[in-house]
Amino acid sequence: MNRTKELLLCAATPNELAGISNGALSSLKTGVVVDVGKYDVLITGVGIFQTVYNLTRALMECDYEMALSVGVAGDYDNERPLCQLYSVEKSVFADCGFETKDGGFQPVAGSKFLDGDRPPFQHGYVTNNLAGMLGLQYATANTVSRTCTDPLHVKNLLRKFPADLETMESSAFTYVCARQNVPRAEIRCTSNHVVPKRQEEWRLKEAVEVLGAAVEKMIK
């Protein structure tokens, strides 16, 4: 019989949890569920495939009342200030699909292979049903298998999938939780602009600190 727990806190990398519990969670191993008392913590790993495998395994071994994914993200709007917190309301597998003869793109969700309105999909998107409880501004996220800073590529991507943020795990987290009927929410803090690529202007450390403070307050 599965054990039960109130919360599973997820992050793609341990560094994204460096602002929580005075950095005590920043050395966790990928794929290992750690009991820290009131909640469990899982480092899912970067990207879709690691997230799907490690999160599915965790949800099969314990019944959680809620799952919360936290992490940093790239902001598509380079005029918007960084280190802002968002509640990811919905996301899409933005590069999972087929190139068409006319140079377009057909996502799997919405093709003849998968109904884009068959639960947990809604118009090709997956949604976090507890997004409103975070008290943060909503955001839409594109989940990609590879990050790209080429302006033309990003422009074409946003033409097909208008979004605020870019991540590599959001849709995977939401999809798995939805399929397992686990209530879910996601917090992202912007650490960089997607274009132009200016790594010297990234604010990763500050974003992690802002994220950690917000998550600790919510957990308490």
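## Pockets, core and strands

Let's start with the largest pocket: its lining residues split into ten nonpolar, nine polar and five charged. Before going on, a word on the model: it is predicted, so local features need pLDDT of at least 70 and side-chain atom pairs count only at pLDDT 80 or more, while totals for chains, interfaces and linings use all residues. Numbering runs from 1 along each chain as its sequence is written, and side-chain values use heavy atoms, with hydrogens and water left out.

Back to the largest pocket, which has a volume of about 520 Å³. Of its 24 lining residues, Val72, Thr147, Met168, Asn192 and Trp202 are the closest to the centre. Strands S4 (62-75), S10 (165-167) and S11 (184-193) each put at least two residues into the lining. Strands here are DSSP runs of E with at least two residues, helices are runs of H or I with at least four, and both are numbered from the N terminus.

What counts as a pocket? Rolling a probe the size of a water molecule over the atoms shows where empty space is left. On a 1 Å grid over the protein atoms alone, a pocket is an open set of points with protein on both sides within 12 Å along at least five of seven lines, whereas a cavity is a set of points where a 1.4 Å probe fits but cannot get out; lining residues have an atom within 4 Å of a point. Grid points are joined across faces, edges and corners, and the volume is the space filled by probe spheres set on the points.

The second largest pocket has a volume of about 300 Å³. Helix H2 (residues 151-160) gives the largest share of its lining, five residues. By class, this lining has four nonpolar, four polar and four charged residues. Phe105, His153, Arg159 and Phe161 are among them.

Now for the inside of the protein. Which residues touch the most other members of the largest nonpolar core? Of its 24 residues, those are Leu9, Leu17, Leu68 and Val70. The elements giving two or more residues to this core are S1, strand S3 (40-43), S4, S11 and helix H4 (204-219). A second, separate core has 13 residues, including Cys10, Leu42, Cys62 and Ala67. A nonpolar core, in this sense, is a set of buried Ala, Val, Leu, Ile, Met, Phe, Trp, Tyr and Cys residues joined through side-chain atoms within 4.5 Å.

Leucine 9 is worth a stop of its own. You'll find leucine 9 in strand S1 (residues 3-11). Leucine 9 counts as buried because its relative accessibility is 0%; buried means under 20% relative accessible area, exposed over 50%, and partly exposed in between (1.4 Å probe, protein chains only). Leaving aside neighbours within four places in sequence, leucine 9 is in contact with residues including Ile20, Tyr39, Val215 and Ile219, where contact means heavy atoms within 4.5 Å. The C-alpha atoms of leucine 9 and serine 69 are separated by 6.0 Å, although these residues sit 60 apart along the chain.

Next, follow strand S5 (residues 85-93) through its pairings; two strands pair if DSSP finds at least two bridges between them. S5 pairs with S11 in the antiparallel sense over three bridges, with serine 87 opposite isoleucine 187. S5 also runs parallel to strand S9 (residues 138-143), over six bridges, and there lysine 90 has threonine 140 as its bridge partner. With S8, S5 pairs in the antiparallel sense over two bridges.

Alanine 141 in turn stands opposite leucine 165 in S10, as three bridges join the parallel strands S9 and S10. S9 is mostly covered, with five of its six residues buried.

Most residues other than glycine have a negative phi, and most peptide bonds are trans. Yet the bond from proline 119 to proline 120 is cis, with omega near 15°; proline 120 lies in the loop between strands S7 (105-107) and S8 (126-127). Histidine 123 is in the loop between S7 and S8 too, with a positive phi of about 55°. Asparagine 22 also has a positive phi of about 55°, and sits in the loop between S1 and strand S2 (33-35). Asparagine 22 is exposed, with a relative accessible area of 84%, and histidine 123 is exposed at 67%.

Terms used: Ala, Val, Leu, Ile, Met, Phe, Trp, Tyr, Cys and Pro count as nonpolar, Asp, Glu, Lys and Arg as charged, and the others, Gly among them, as polar.
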